[in-house]
Amino acid sequence: MMSVWKENSVIPKFEKLQGDIKTDVLVIGGGITGILTAYFLRKSGVKYALVEKGRLCECTTKNTTAKITFQHGLIYDKLLENHGVLGAQMYLYANEQAFKKYAELCKDIDCDYEVKDNYIYSCSNRAKLENEVSALEKIGFSAQLCENLTLPFKTKGAVCFKNQAQFNPLKFLSVIANGLNIYENTFVRELIGTTAITDNGKIYAKKVIVTTHFPFINKHGSYFLKLFQHRSYVLALKKAPNLNGMYADENLKGLSFRNYSDMLLLSGGAHRTGKTGGNWKELRQFAAENFPDSQEKYFWATQDCMSLDGIPYIGNYSKNTPNLYVASGFNKWGMTSAMVAACILTDAVLGVKNDYSEIFSPSRNIIKPQLFINGLESAAGLISFSKKRCPHLGCALKWNSAEHTWDCPCHGSRFEKDGRVIDNPANGNLKI
């Protein structure tokens, strides 16, 4: 199982931390968010260090479908209802600026950057599409309601954002990461204040930024209630049609499409981590029925952190941690969200007011329907019988027969068959 990005990119290697060091800012997590944050900190003249428990980009970042767009599902109608015109505009402008930042950086990087239209379609509810277009008009953005899509099935139409983009994220990051102050294979086991404890030394920092996908510190921020994790699956198909755009279903369990090189990337089969879903079986059946001449070249899976309200958590880890920051809950839109996070967090470290930070505040109201669903899932996991318990908070693990892993339905930690941790928030291996 390998993503198309992994085979076609070479990420630079960095040494393991040996001994104690001091720095002004410590970034924990070597995915796209952490790397971009370190990149902007360096450009701003800040003394920093980034640590990654394994190799850079070995988790979520290498498994993205890499769509660069500020069209994040049908979110703007919800934002308008819950946060008003100003809140919806803040979200739009922040992501639009992130999109423009990618365009600027990619001019000088060979990363297969391509401008493409993006479509969010619905198979069952045209009213949702019409409401989204109306909401966008109210906040000052013009989007099109499109018919007759090139998809191999009927839809009720789609909302189209023109001139969005796609790229190879690892080719991009191989250039961005080059020359940064990074330590690989350096697992932060514990954070005491702003001092990080690793296996081979301590890192004394003035400020700490946590970009570990799912925040691993339980005593602040209640992220174990504010987030859940969702898995989805991808096939890269040769001899499949060029759909000449990027497509995603407004339904989380729907299908997503984009082309790369001579391949079609088909994703879907999604389910909450620790639950059952269609996985690659669903995708292969769809491909056999709709693209009978196609050939599977790559297959992989990814995991996304889902927030309570569809908005990422970017900013202070909690109200009581002025020198501790976080970025998480990107809700399957990790490319622009990572860039938004890097910009907001760099400004926070520098003491610069960011115009868009308020809408992403991790300390915003959490009384949402999803909060109670997350609580019930956690309670069910805690009382379920299983000899294998997650070392994070003790939930019963479930066997993932498609990927041969032990998965936690409470908070999304995952482990290899032999117990090695794959995905946090668990910060240690499973004892087999």
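How many bridges join strand 9 (residues 195–198) to strand 10, and do they run parallel or antiparallel? Select both and you'll find 4 bridges in the antiparallel sense; strands here are DSSP runs of E, at least two residues long, helices are runs of H or I of at least four, and both are numbered from the N terminus. Two strands count as paired if DSSP finds at least two bridges between them.

Before moving on: this is a predicted model, where local features need pLDDT of at least 70, side-chain atom pairs count only at pLDDT 80 or more, and totals for chains, interfaces and linings use all residues. Residues are numbered from 1 along each chain as its sequence is written, and side-chain values use heavy atoms, with hydrogens and water left out.

Stay on that pair and pick Ala196, which sits opposite Ile203 in strand 10. The link between strands 9 and 10 is a hairpin of 2 residues.

Click Val25 and look across to Lys207 in strand 10.

Now bring in strand 17 (residues 324–328), parallel to strand 10 and joined to it by 3 bridges. Val210 has Val326 of strand 17 as its bridge partner.

Finally, zoom out to the protein chain, with its 9 helices and 21 strands. Its radius of gyration (over C-alpha atoms) is 21 Å, close to the 22 Å from the globule rule (2.2 Å times the number of residues to the power 0.38), so the chain is as compact as a globular protein of its 432 residues.
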